[in-house]
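Please keep the sequence and the structure in view while reading.

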Amino acid sequence: MTDNNEVLFVGIDLGTSRSAISASNGQRCAVDSYVGWPVDMVARKILRRSVLVGKEALDNRSMLDLRRPLERGLLKEGSERDADAVRQLLSHLLGLVGVGEEGRSGVKVRAVVGVPAEALRVSKQQLRNVMKGLVDGLLIVSEPFAVAYAVDALLHALIVDIGAGTTDLCVMNGRYPTEGDQRTLLNAGDWVDEQLSKLIQAHHAEATISPFMVREWKERAAFVGKAKGPVIVSAPVKGKPTQLDITEEMRTACEGLVPPLAETMIDLIAKVDPEYQEKVRNNVILAGGSTGIAGIDRALQEALKEIGGGRVQIVKDPVFVGSDGSLAIATDADDVDWEKLSG
Amino acid sequence: MGDAMAGADRIRRKLLREAVHENLAIMNGQHPARRRMRREQVKRWVRRGLLLLIPVVFGGTLVLVGRATGLDPSWVWGPGGRDRPAPGKAEVVPLVEPRANVDRADGQLGAARRFGPPARLASAALPLPVRTVILDPGHGGHDFGTIGPGNLAEKEIALDIAFRLRNLLIDQGFAVLMTRERDEAVPLGQRAAFANANAGDLFMSIHVNWIPNQRTRGIETYYLGPTDDPFLTQLAAAENRETGYSFSDFKRLLDGIYTDIRRDESRRLAEAVNSKLFQSLASSNRRLVDRGVKQAPFVVLIATEMPAVLAEVSCLSHQDEAKLLADTTYRHLIARSLFAGIISYARTENAGKGSQLND
């Protein structure tokens with residue numbers, strides 16, 4: 001094994017909405033997956049930077065060509081700018097743990113990156129191309145596998161990773177997940193935002209709202225089932241800040257997630273060897289940013305009653321569980337394997 | 001406790017090894033091994049083997065019992081043994097010469113041998129159910145097919161949909177074979193030869209369209225026939241590029257096929273598939289255009305000996321459809337639609353033949 005002083009292992013959870021990195025030097029960081037370039041000379045002069053990443057980019061969005069380069073957790077199709085944005089984002093994340101493009105000073109970086117369960121091969125290859133030069137070795141794994149690795153649920157478990165762009169479901173059977181063990185759904189955080197936005201616009205047609213406002217409201221007050229209290233937000237109506245009650249809209253939008261998730265969970269469990277189905281039902285693990293929707297675990301647990309009941313738990317650290325799992329994979333992999341993966 | 005930890009550690013190491021192997025396969029341009037499918041295939045073959053073994057053991061037992069008891073085995077096979085029909089039953093004379101297995105298994109397409117002079121048969125003469133489906137994911141290996149935004153390749157999409165469709169068909173009890181199961185270039189003639197050698201009852205080639213006018217979108221399904229449409233001629237030429245056939249092979253194949261009974265069956269299959277594709281996809285793709293059922297001389301349709309269609313399941317040249325194709329849910333919907341088309345066709349063809357297809 002190479003001396004850890006010369007090698008830095010990193011685990012990266014590349015998310016549509018938020019990306020996280022955990023490094024073997026003990027550092028952990030999460031950033032909003034936004035990258036922005038100043039729109040003109042004036043903006044560049046004010047911002048004094050050629051590119052901004054994360055919250056800083058979001059806060060200065062009016063002066064930026066702002067990109068959220070990861071669609072459904074993977075490189076967006078179409079433009080070189082988006083590929084460049086992913087590179088900037090990765091470079092920024094690596095910089096946060098001390099091994100950005102500048103300042104690596106001979107440190108070997110070995111990275112494990114989690115991608116959506118059903119990512120196409122071509123997308124993985126694209127990611128590999130984008131990361132060339134940023135790291136010395138790269139292992140791409142499915143996100144739910146990284147989560148399972150982090151929480152030691154590699155046998156008889158169902159991982160449900162509800163992110164922004166996708167929800168990844170994966171049954172862990174003690175083997176590396178194959179196509180049949182995994183599903184990726186587009187019913188995830190962004191989908192809830194869209195539904196919420198439509199519902200608010202339908203009920204409060206006069207209010208002016210933006211996707212950023214809707215996302216913030218959801219992150220603050222998302223719930224399924226019984227509301228803890230009314231969800232009151234402020235939005236301009238004909239320019240005047242106005243209080244809106246969006247409790248029912250929030251409930252409807254969030255509860256829309258439950259049926260497709262429950263159906264897919266049941267479908268995946270039904271495909272498990274009958275001998276182990278009960279074990280899997282009682283070991284459903286929720287991860288991802290959208291586990292912040294209050295009551296989602298109870299709603300999914302309720303849905304499992306259809307097939308005899310089960311137990312649904314949310315991981316303790318939804319933001320970093322994927323990157324921590326990836327880091328654990330990185331440190332556990334043999335030096336010989338890393339050599340092979342350095343091509 | 002120690003055993004449990006050692007077990008967990010063993011699983012971790014195993015999974016890590018598999019993750020590394022998958023990555024290396026991608027780096028080397030191969031498709032990761034599909035362990036689960038292989039295991040299922042093995043199970044299927046074991047089950048088939050057992051089913052075959054039952055009549056053999058039963059027959060053998062009867063013969064042995066006959067010998068031991070001094071009875072004439074003709075009470076089992078009829079006078080003269082198994083070559084003669086049982087008493088009281090009319091002898092069945094085959095309407096067409098049975099296809100020799102040795103011809104089918106050779107894996108080579110002997111065009112002259114397989115296609116005699118044109119002779120039209122009535123479909124009623126062949127009341128046979130659909131059991132074996134051959135799926136043909138278009139392109140592969142160095143042949144990417146069409147490439148959409150973000151390097152999304154037709155070969156990847158076609159293979160992904162074919163795997164999904166295969167699972168659906170297997171669940172329904174069909175035997176399914178694929179002309180390719182990984183990212184490899186398989187010549188068109190070899191694909192057809194594979195379908196013929198394995199006695200497929202139905203052949204479906206899966207492709208994604210690319211139309212120069214990038215505002216055009218939609219689905220279309222082809223069966224074999226001549227065309228005067230310059231676009232279709234161009235499309236067929238593009239798809240037929242790597243055939244390996246000579247011009248005279250081609251001509252002989254066409255002469256034999258255009259009067260073939262399976263052209264009617266292929267048309268019915270194409271209509272069923274196209275209709276289900278449009279019905280299902282229109283819900284997710286509101287502006288989807290039904291470009292219809294068409295005829296064109298694609299080599300895989302010419303050289304196969306069973307009802308055969310080529311489905312262009314969406315347009316990678318259209319920005320919205322390219323986005324949809326990158327989406328797992330949409331690809332699964334396509335697979336389900338193709339499945340529904342096959343079921344609809346098989347149900348019609350199997351009608352009154354005692355087949356039990358589930359809904």
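Two strands count as paired if DSSP finds at least two bridges between them. With that criterion in mind, β14(A) and β15(A) form a hairpin that leaves two residues between the strands. The model is predicted, and the points below are grouped by region.

**The hairpin of chain A**

- β14(A) and β15(A) are joined by six bridges and run in the antiparallel sense.
- Within this pairing, A:I232 is found opposite A:D245 of β15(A).
- Most residues other than glycine have a negative phi.
- A:K238 has a relative accessibility of 80% and therefore counts as exposed, the cut-off being over 50%.

**The β-α-β unit of chain A**

- β16(A), α11(A) and β17(A) together make a right-handed β-α-β unit.
- The strands β16(A) and β17(A) run parallel and are joined by three bridges.
- A:L286 has A:I314 of β17(A) as its bridge partner.
- β16(A) also pairs with β11(A), in the parallel sense and over four bridges.
- In β16(A), A:I285 stands opposite A:I159.
- Both faces of β16(A) are covered, with A:V284 and A:L286 buried on one side and A:I285 and A:A287 buried on the other.
- Which residues of helix α11 (residues 296-303) of chain A are buried? They are A:I296, A:D297, A:L300 and A:A303.
- Seen down the axis of α11(A), these buried residues fall within an arc of 120°, so they line one face of the helix.
- The elements covering the buried residues of α11(A) include β11 (155-162), α9 (258-270), β16 (284-287) and β17 (312-314) of chain A.

- B:T179 lies in the loop between β2 (175-178) and α7 (188-197) of chain B.
- Is B:T179 buried or exposed? With a relative accessible area of 10%, B:T179 falls under the 20% cut-off and is therefore buried.
- The side chains of B:T179 and B:D136 make a polar contact at 2.6 Å.
- Apart from neighbours within four places in sequence, the contacts of B:T179 are B:I134, B:L135, B:D136, B:P137, B:V186, B:R191, B:F194 and B:F203.

**Two further loop residues of chain B**

- B:A199 belongs to the loop between α7 and β3 (202-209) of chain B.
- The phi of B:A199 is near 50°, a positive value in a residue other than glycine.
- B:A199 is partly exposed, its relative accessible area being 36%.
- B:P212 is located in the loop between β3 and β4 (219-223) of chain B.
- A relative accessible area of 54% makes B:P212 exposed.
- How many residues separate B:P212 and B:H318 in sequence? They are 106 residues apart in sequence, while their C-alpha atoms are 9.4 Å apart in space.

Conventions
Residues are numbered from 1 along each chain as its sequence is written. Chains are lettered from A and ligands numbered from 1 in the order in which they are written. This is a predicted model: local features need pLDDT of at least 70, side-chain atom pairs count only at pLDDT 80 or more; totals for chains, interfaces and linings use all residues. Side-chain values use heavy atoms; hydrogens and water are left out. Buried means under 20% relative accessible area, exposed over 50%, partly exposed in between (1.4 Å probe, protein chains only). A polar contact is a pair of N or O atoms within 3.5 Å; within protein, one must be able to donate a hydrogen and the other to accept it, and residues adjacent in sequence count only if both atoms are side-chain atoms. Contact means heavy atoms within 4.5 Å. The arc is that of the directions from the helix axis to the C-beta atoms. A crossover is right-handed if, with the strands pointing away from the viewer, the path from the first strand over the helix to the second runs clockwise.
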